[in-house]
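Please look at the sequence and the model together before reading on.

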Amino acid sequence: MEKCLYCKRLAGGDSELCKLHEFALFQISETLSEFIQQENPPEWLLDGIRELSWIFFGHPRTAAYINVSMEIADRFAIERLPHISINDIKEVNYTRLSPRRIISLLEDALIIRVENNIVYPGPLSLRLREVRDLGYPLNSPEQKARALEYHGILAISVLRSMLLEGEYIPRGALSVLTLLSLQALTSEEIQREISDVTWDSAFRDVPNRQENKMKRIMAGLLDGVTKMIHNINEDGKPELKTEVVSYLVNMRERYRERERTRTRM
Ligand SMILES: [Zn+2]
């Protein structure tokens, strides 16, 4: 039997991925295409995007990709520039990674399109430009939600490209998706409480120090806002937010629907 490309679990029959990572990749691909294509994506999907906006926080190795993608998306979506010169991208100068590699990943993430050294907005930046200006005050709940979606979809898109490219797998960000997949695929009725077994299985390829850091961010110790979890209960177990459970129920239904269509063909 083959091993999964992203972990040491066994891969499924005709796939190079284990069940968990097949569903993880499905979640982010589905989220990205839905966000780009739908004028009004369902609220459960936007909830999912917002709750994933933090997955690259505090991780130096992936920070460069996120910084550059934010810089470029801002210039297209907020400053509304029609195009920029490749030499005008400042953040690539603050990393040791090759600029060409970053640019090609961002192209793949649909954030940019490059022609003759000119950078144009890709489908995702064009979409972000549309959702940006809805006229809410900056400090309103609506605007805060939009800002989280903005960060969230960029993070999701960058993660998807990294996974598909396969050269560098961001273990921390991936483990969050593994956690969601485990929670959705382990029991028919999706539980709010995350068991120790599920938690340990999700984070088993992540160094302890990073795992603890991520747990603190989820618990809201970074900025006073919990991510994905509502609380840590009396037994010391994290409990997912209602919105996250609802996101998982809907996403799992879509996944199963796709599997059914596939086996019918
Ligand atoms: Zn796997």
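What share of the contacts in the protein with a separation of 6 or more comes from residues 24 or more positions apart? The share is 59%. This value, like the others below, is computed from a predicted model.

The overall dimensions come next. Along the principal axes, the C-alpha atoms fill a box of roughly 50 × 45 × 40 Å. A compact globule with 265 residues would have a radius of gyration near 18 Å, and the protein, with 19 Å, agrees with this. Of the 265 residues, 35% count as buried. The secondary structure consists of 10 helices and five strands.

How is the chain divided into domains? The domain assignment gives domain 1, which covers 1–39 + 170–265, and domain 2, which covers 60–167. The centres of the two domains, taken over C-alpha atoms, are separated by 24 Å. Where the domains touch, 11 residues of domain 1 are in contact with 13 residues of domain 2. On the side of domain 1 that touches domain 2, helix H1 (residues 19–37) supplies the largest share, with seven residues. By type, the residues on this side of domain 1 are nine nonpolar, two polar and no charged.

The nonpolar residues of the interior may be considered next. In soluble globular proteins, nonpolar side chains tend to be buried together. In this model, the largest nonpolar core has 65 residues, and Ala155 and Leu159 are those with the most contacts inside it. Helix H6 (residues 141–165) contributes nine residues, the largest share of this core. Why does the core lie between domain 1 and domain 2? It lies between them because both domains give residues to it. Apart from its neighbours within four places in sequence, Leu159 is in contact with Ile28, Ile55, Pro170 and Ala173.

Strand E2 (residues 112–115) and strand E3 (residues 118–121) run antiparallel and are joined by four bridges. Within this pair, isoleucine 112 stands opposite proline 121 in E3. The hairpin of E2 and E3 has two residues between the strands, and in it asparagine 116 takes a positive phi near 45°.

Note on methods. Residues numbered from 1 in each chain as written. Predicted model: local features only at pLDDT ≥ 70, side-chain atom pairs only at ≥ 80, totals over all residues. Core = buried A, V, L, I, M, F, W, Y, C linked by C-beta atoms within 7 Å. Buried ≥ 20, exposed ≤ 12 C-beta atoms within 10 Å, placed from the backbone. Domains from an automatic or database assignment. Contact = placed C-beta atoms within 7 Å. Nonpolar A, V, L, I, M, F, W, Y, C, P; charged D, E, K, R; others polar. Rg over C-alpha atoms; globule rule 2.2 N^0.38 Å. Pairing = 2+ DSSP bridges.
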